[in-house]
Amino acid sequence: MAYLSLSNVTKQFGDVVVVDQFNLDMEKGEFVSFLGPSGCGKTTTLRMVAGFEVPSSGNITLDGKDITDKSPNQRNVGMIFQSYALFPNMTVAQNIGFGLRIRGDSSDKVRERVNEMLGLVHLEAHATKYPYQLSGGQQQRVSLARALAIRPDVLLLDEPLSALDAKIRVSLRAEIRAIQKRLGITAIFVTHDQEEALSISDRIVVMNVGEIEQVGTPFEIYNFPKTQFVANFVGALNTAEAEIADPSSGALSLDGIQLVTAAKTDGYRRGDKVRIAIRPERLGLASILEKANIVDGSIENITFLGSVVRIQVKIGNTNFNMDTFNNPFLGIPEVGDKAKITCSKEAILILGPV
Amino acid sequence: MASSEDRKVAEMSFWARLRKFPFWSWLWLFIGALYFVLPLFATFEFSLSWDPEDPLKAYQRAFEDDKFWETFIFSNVLAVATIIASVILVVPTAYWIRLRLPEARRVVEFITLMPFVVPAIILVFGLIRIYSTPFYVPFTDIRFMQPLTNFKIGTNILIVAGYMVLAMPYMYRSVDTGMRTVDIRTLTEAAQSLGANWYVIITRIILPNIRSALLSGALLTFAIVVGEVTLASFLGVDAFGPYLFLLGQHRAYEPAALSFVSFLLTWLAMGLIQMFTGGQGQAAGAH
């Protein structure tokens, strides 16, 4: 039986359905990310788990108990907010101990737990400071410590890294993940940043306009997107319209150029139009390895992205982005050059009929 | 040669500094200050002119009067009662409107502005008209309470209620502005997720974070109540306002002395507010 379960959860504001028939089962200790664009319903779903919103229909169970109608202060759910939400009138230690004090724990117990939490987030030296005396990253670590201090059944993180700068974001997300693993706590992480979701999660729920598009491990979500939305939203993607040339062998025709895919095509008929997708990093210059697809292309544009160089190549009438690692000792082609472009047949995904 | 050039540079920088001096700003500030300070100074000077040999005679006489202390202390008690009742009414109202009923904000703001439109004399006649008749259980002849104006505690309750209405624009605006500086919704949700109920949220999270605004509202309420004449006169309450009014009609120097003392007390209160809220404003602002 799942530890946290959302069954047919729907939320409507007036006539607008914000979350529609949301179903998810989570195991204890699992880290699941809700990923999607703004307005897709991910935060509303999280708020329903926290108890800040009541579902219009459906059930939420936690450890076998129905918590759908329980008020937020009766759920034992820890929450971390994008804006930190530290109490400005309290010191770091008082913030962390707040939940324990209102539960009626003795001052010795509170002190002991606060010190433990301060150690966990490496803020022992800041116990007597007020929130305004801390940096954003430190404030969010206090928020994490405060949420964990009450030993919550579930930890909910509502875009906790969005307000931080890039470097702190990367280090703090690793810290959050390490702490979550160490404590074995069940966590839901809401983000619109695909890199964050891919790097931190056991599973990702990709959402769009209130519905689940796909649930899977980061590997599955990235490499085998089930819908065009997931393919487009997670990672960079080249898409193009192709024609089924031979359903039995996976042969395709792209602007008259023959390609072959490992994706299932036996459901299509010869001549059917399909949308294909290729990740930029799955394309390469042909001279290195022999691949199933080697086609002629012309270099249209080159963009330097640091560790990666993005080359725009024209295959047939379609422009594709191709990512290669930046190696200053290997020459990269110049704009206008002709080149042989290659990709494996597994790299060509079929997103569905056009 | 070099020294004359230095002098030239120094002269230029003097004129440059003079050009940058905000002359008009200082002039308006000076005129504004005169407008406030001159009458106060005149009052003070007049209060000292009763007896040239004993300049503080007016103050001595005013403080010697038992009625002064009696009414002053009673008005202070009324002010404290009004402040407590206003906080109990206004803080949860403003909080709930910010949290759950933002659409009701305009209506409530309109209601809180009514005391500016409806004069105190209308309010007090309305209060007397309604509460000078006995209360009956609806649709029966059973009387369950005598008129509030018939007994002292009842009248005191009425006057505090009246003062709450008069002070509402100031108290509500102060509290609402205070709540605007903190993220009420997120702090509430954070406290709820940690297990706090509404009482804990209001007393331990909301009130401490709007302390500065509350004190401002309390000071304004205090100033209104201590000097108020209309409600106290018509309800027959021996408060400081009517005492000062009567004194002004019959004496010359003592009212001037008491007015000056009132100013000093107000400034003292403002100073205390600054002292007690100096750090808190910074903390809330930083958030």
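**Confidence.** pLDDT is the predictor's confidence in each residue, on a scale from 0 to 100. I needed that scale first, as I am reading a predicted model. I looked up where chain B is lowest and highest by element: H13(B) has the lowest confidence, with a mean of 70, and H8(B) has the highest, at 94. For chain B as a whole I noted a mean pLDDT of 86, with 92% of its residues at 70 or more.

**Sheet in chain A.** In what order do the four strands of the open sheet run? I read the order as S2-S1-S4-S5 in chain A, with antiparallel pairing. S2 (16–26) and S5 of chain A are at the edges with a single partner strand each, so one side of each has no neighbour in the sheet.

I took the pairs one by one.

- S1(A) and S2(A) are antiparallel and share seven bridges. Within this pair, A:Lys11 has A:Val19 in S2(A) as its bridge partner. The two strands make a hairpin with two residues between them, and A:Gly14 in the turn has a positive phi of about 65°.
- S1 (residues 4–13) and S4 (residues 57–62) of chain A run antiparallel and are joined by five bridges. I checked two positions here: A:Leu4 stands opposite A:Leu62 in S4(A), and A:Leu6 has A:Ile60 in S4(A) as its bridge partner.
- S4(A) and S5 (residues 65–66) of chain A run antiparallel, joined by two bridges. A:Leu62 turns up again here, with A:Lys65 in S5(A) as its bridge partner. This hairpin has two residues between the strands, and A:Asp63 takes a positive phi near 55°.

**Domains of chain A.** I looked up the domain assignment, which gives domain 1 as 4–233 and domain 2 as 238–353. The C-alpha centres of domain 1 and domain 2 of chain A are 39 Å apart.

**Helix H7 of chain B.** I wanted to know whether the end-to-end distance fits the length of the helix. H7 (residues 152–180) of chain B has 29 residues, which at 1.5 Å a residue should span 42 Å; the end C-alpha atoms are 40 Å apart, so the two agree. Where does H7(B) bend? I found a bend of about 60° at B:Ala167, with a proline, B:Pro169, following within four residues.

**Interface, seen from chain B.** How many residues of chain B are in contact with chain A? I noted 21 residues of chain B in contact with 21 residues of chain A. On the chain B side, the elements that give two or more residues are helix H8 (184–193), helix H9 (198–209) and helix H13 (253–286). H8(B) gives the largest share of that side, six residues. Sorted by class, the side of chain B that touches chain A has 11 nonpolar, eight polar and two charged residues. Going back to my confidence entry, H8(B) is also where confidence in chain B is highest, and H13(B) is where it is lowest.

Terms used:
Residues are numbered from 1 along each chain as its sequence is written. Chains are lettered from A and ligands numbered from 1 in the order in which they are written. This is a predicted model: local features need pLDDT of at least 70, side-chain atom pairs count only at pLDDT 80 or more; totals for chains, interfaces and linings use all residues. Domain bounds come from an automatic or database domain assignment. The expected span of a helix is 1.5 Å times one less than its number of residues. The bend at a residue is the angle between axes fitted to the seven residues ending there and the seven starting there. Two residues are in contact if their C-beta atoms, placed from the backbone, lie within 7 Å. Ala, Val, Leu, Ile, Met, Phe, Trp, Tyr, Cys and Pro count as nonpolar, Asp, Glu, Lys and Arg as charged, and the others, Gly among them, as polar. Two strands pair if DSSP finds at least two bridges between them.
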